[in-house]
Amino acid sequence: MDINIINDISLLYELSLSSGQSINLEENCDKFIKTLMARKNLDFASVWIKNQYLPDKPDDGNVSLVYANPKFKIEKTSISIDHPVFSYLKNRDYFSFSYVNDAFSDIMFEKSISKGAFAVFALDDIGFIKLYSSLIDLLFSNIELNKLVNVIKKFTISIKGCIYHKKSVIESEKKVQAEKASIEIEKKYREIVESVNDIIYRADSKGYFTFVNPVALRITGYKEHELIGKHYLTLIAQNYQEKLREYYSSQAHNKTPTTYLEFPLIRKDGKEIWVGQNVQVAYNKDGDVTEFFAITRDITDRKKAEEALRQSEEKYRILVENAGEAISLIDYHGRLLILNNAAAQLFGGKPKDFEGKTLWDVLLKEFAEKRIKLIRKVIESGQSSFDESSVSFQGKLYWFQTNMQPIKDNTGKFTSALTINVDITERKQAELELDKLLKELEKTNKELEVAKVEAESANTAKSRFLASMSHELRTPISAVYSIHELLQNTDLTEKQKRYLDIQKSSANNLLAIVNNILDFSKIEAGVLTLEESVFDIYKLIKKIIETFNYMALGKSIALDYSIDPKINRVLIGDSVRINQILINLVNNAIKFTNKGFVRLDCNLISSTSQTNLIEFIISDTGIGIDQFNIDNIFESFKQEDNSTTRKFGGTGLGLAISKQLVELMNGEIKAESKKGTGSKFTVKINLKIGNVDDLENKQGKAEINEETLRGVKILLAEDNLFNQEIIQALIEKWNAVIDLAENGQVAVEKFKANNYDIVLMDKQMPVMGGIAATEIIRKELRSNVPIIAMTADVIRGVIDQCLNAGMNDYISKPFDSADLFEKIARLLNKEIKYIDSAPKQSSASESSAETKKLYDLSKLKEACLGDEQRTQKMAKRLLDELPDDLLKLTAHFNNGEYNETSKIAHRIKPNVDFLGVPRSKSNLQLIQDYASLPKLFNDLEKVIKVPDESKLGENPPSLSKLILGIQLLKEYSSKDSKVDKLSELINNLNKYMKAVFEELKKDLN
């Protein structure tokens, strides 16, 4: 047999074996083509399949390369199904082109091929296989190609098998994934159904339950087996069953997709609840009902709220119609939608006479235009308005405080304004009269404003001016202090002692003003420094309250305080500055409060082993501050507005200094207020914790011993003759020897000629000042004799200047005689005894509630000109009369005679004031105010007539929209009209005064 035939048979057999050995398309192609390439000495071969047969390719009309060997020959991986290669294969199994043929380039889409020949076999209609050899110059032999046709067809079948297998695998995977997704979705839906807070159930076409979720079991109280197969109507209240049967029958008959209905449902325990139910109906292809699907929500709370709202609306409607204030609802065009009786009376008729009319119809043109303009502004902005304005009704001019609130319609759009008008005509008339009396004062204020502007332009000279004025003011104040010291040690009558105390109090007030101004200057200049010393926080707070008790008593307001018992009693810090801050704030609170109370609360915010973060809250029920002014009140020389300055006075420095001092302590201060309801100032300061032993060991005031300085020679350099005389009198009283020098130059000359133990050197003197004189004594005369500076300039830079010049210490004018005595004795190493000023150690609770009298007869004693016997007599008389008066007050209240109750409260208030019981006086003021109301709100039901709501128009505004306005009305009236509040006040007054009477009676006996 011919060897070529054997080779061909062998090749065909080997190719047949290599085809179809794998169901993987790429593996199948790889084995077949590698065998073919090895036996035919081919350089390249590739397999191309139409995308429409490839399960992982889009059916886009293209043909994709699925196999190539070697891969680096690949130029393209995709060709169009319209490619010329398919036209060459049309109606044939194969074709062959060599590089000498023009068609060679049409079918070449591989790299680096320039010659040789291609042979292309059709793979039925799914694609083609392409063979290439560089060794063939013309064409592949038709004989060889014919021999391969059957093998290629077998190869085609195996490829199709691979493709179909891959399709089935992919489809199987998709089916598995779809089944998993379906299971997952079903699982999620079941979780949702079981976890929602609504009842979800299915019922068959007859209405019997086929499925219920756990919520249905929890809400109804049934178990699952008790509900499944049960008819839904058995859970419905008897009087609603027929309604529901007709309702859902109608839904099924009309094929309504979804319905919503609210009705009562009866739980297993018999309790009725309200539910809202959405129901969907399922139909078969014939249109018959197959199933009901329902989602049911428990709306019992909402139903209760709606009923409460309905009842509340009814009450508010009654309240609006019978309120004393003029209340109306007006739309954008000025049309009166609703108005109460008080508003209608202003127009001269009844509400029904004016509903539907416009403000143009009932007011003069100028007033109507102004009011409608304001109403439109409120509606357009959606912001409320509060103003005072005048309006003329029936020829009479009224003044009103008007509050306007924008009201929304059902779509949420602002369409009208609720107006509440409070008649303030009498108050306005009084203000106008007062304005006439204040014209001259306003003129003066304007002149002061001009002066202020001029003063600000001279700011560069302010520090020098304040230093000079400090010296000039402190010098006479020092004299006043010293005269007080001298007079105290003489024989005085009680009346003279009282006058002397008034004199010292006035000097203290004057000194406080000077210090306040100087503090402001120091803070601005950045030279004010804080001191650290131990102090008793309880004692500091109590002293502040005692200081302002009389001021609060004089205004008939309550002044109270509290201290958190967790606060450490002994703290470390600048107690003088803390005291100054709190005094400024309490003073302001009392100044701007005419009724109610002022309160100082000290709270512990947080603590460590070393510190307490303390919050001081000063609250009041005063005039309050407008929100847009609250950011300005901490500015220098600023009060809320000019009228505040005119009415209450003040420099406007107190809050500015307080804020700066708080910030120097790394603390914070803020203000909260609402106009007309009071203010609250909060100060937070972190203070170190001190030791009680340190407080007790702290030296108190020096005890003056007239023998301690006996024989001591003192040189006094002072130019003020009055001060010379005062200081000379003090020193001679201490049995010391004093020599006088009227200026620094004379002091130096006398120092050269005499021996002195100590020098008192005024800083500012004519001819030669104290600084220059001290420098001469230290540098030229080389003397170490102690020198004490006497200066009114207590700014840190001035003090440093004195000490740097060689002075040993300083004392500020005015000075306390004990302080001067101590400084002289200490510098001369004399023994000093101190008066113990440290408080006794006690618990926080004891110190925060120190024992004090329930009454104070000092005011009564003052009225009796200090006569103790007469004071006792008048106190006994009050003790005889007041209990009877209180019994009468209580009896009138119990009989509902509020007018008489108010009169008695007013009459006995001065008597309680004389007993020094501010708390009871404040209570009496509130009783007088509350009882003076003509009617209490619980009497409204006796006089109310429900109006015909049908006359409100086709679309009457919901009365619930009036609630916001009524809340404002309640601020004016309902808070002062509750019987239980008045009862509480009277009971508290009787209890407290009973304790006062018992204590007073015991003391008088």
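## Cysteines

Searching the whole structure turns up zero disulfides, a disulfide being a pair of cysteine sulfur atoms within 2.5 Å. This is a predicted model, where local features need pLDDT of at least 70, side-chain atom pairs count only at pLDDT 80 or more, and totals for chains, interfaces and linings use all residues. Residues are numbered from 1 along each chain as its sequence is written, and side-chain values use heavy atoms, with hydrogens and water left out.

Take Cys-162: the closest cysteine sulfur belongs to Cys-29 and sits 7.1 Å away, so that's too far for a bond. Cys-162 has a relative accessible area of 3%, so it's buried (under 20%; exposed is over 50%, partly exposed in between, with a 1.4 Å probe and protein chains only). Cys-602 comes in at 0%, so it's buried as well.

## Helices H29 and H30

H29 (residues 868-894) packs against H30 (residues 898-914) at about 160°, axes 9 Å apart. So H29 is roughly antiparallel to H30 (angles over 145 degrees). Here helices are DSSP runs of H or I, at least four residues, and strands are runs of E, at least two, numbered from the N terminus. Axes are lines fitted to C-alpha atoms, for helices over the stretch in contact, and angles run from 0 to 180 degrees between N-to-C directions.

## Around Thr-210

Thr-210 lies in strand S8, residues 209-212. Its relative accessibility is 43%, so it counts as partly exposed. Leaving out residues up to four places away in sequence, Thr-210 touches Arg-202, Ala-203, Asp-204, Ile-228 and Glu-291 (heavy atoms within 4.5 Å).

Conventions. Parallel < 35°, antiparallel > 145°, perpendicular 65-115°, else oblique.
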